[in-house]
Amino acid sequence: MLAIRLAKIGCIAAIGFYVALVAFGNITDYWTNFGFVTNVLDMDEVPAVSRIHWRAVTSPILHHAGYILIIATEIAIAALCTLALLQWLGSSGPRHRCFTMPRTWLLPG
């Protein structure tokens, strides 16, 4: 059981750290990935004969809003992973509720 608990802690720590690094990179070097977000929202790479160009978002304000929403989501994920990590590190005993499944999940339908 200890190995599973340590694996859960390690996975959450790795995910939280990675997402925090991505958010930090997006904040400190805003314009690098902003160009990518702009290309995706403008749908520049879609062939001209395609009939889905009506979905393109061409407003620079919406480009910035979308990119800021992406960064905010990354920050929220990193914060939630950190909170989960702190909770799991602070839990006592191998049978703490954050590491066990409720018995009702084990019962058949």
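The text goes from the whole chain to single residues.

This is a predicted model, in which local features need pLDDT of at least 70, side-chain atom pairs count only at pLDDT 80 or more, and totals for chains, interfaces and linings use all residues. Residues are numbered from 1 along each chain as its sequence is written, and side-chain values use heavy atoms, with hydrogens and water left out.

The protein chain has 3 helices and 0 strands (DSSP runs of H or I, at least four residues, for helices, and of E, at least two, for strands, numbered from the N terminus). Of its 109 residues, 22% count as buried, meaning under 20% relative accessible area with a 1.4 Å probe, protein chains only; exposed is over 50% and partly exposed lies in between.

| Helix α1 (residues 2-28) | Value |
|---|---|
| Length | 27 residues |

The buried residues of α1, among them Val 19, Ala 23 and Asn 26, pack against α2 (30-42) and α3.

Glu 74 lies in helix α3 (residues 60-90). Glu 74 is in contact (heavy atoms within 4.5 Å) with Val 19, Val 22, Ala 23 and Asn 26, leaving aside neighbours within four places in sequence. Glu 74 is buried yet has no salt bridge (a side-chain nitrogen of Lys or Arg within 4 Å of a carboxyl oxygen of Asp or Glu). The nearest side chain of opposite charge, Arg 55, is 22 Å away; Lys and Arg count as positive, Asp and Glu as negative, and His and the chain ends are not counted.

Leu 80 is also placed in helix α3 and is exposed, with a relative accessible area of 59%.

Methods. Expected span 1.5 Å × (residues − 1).
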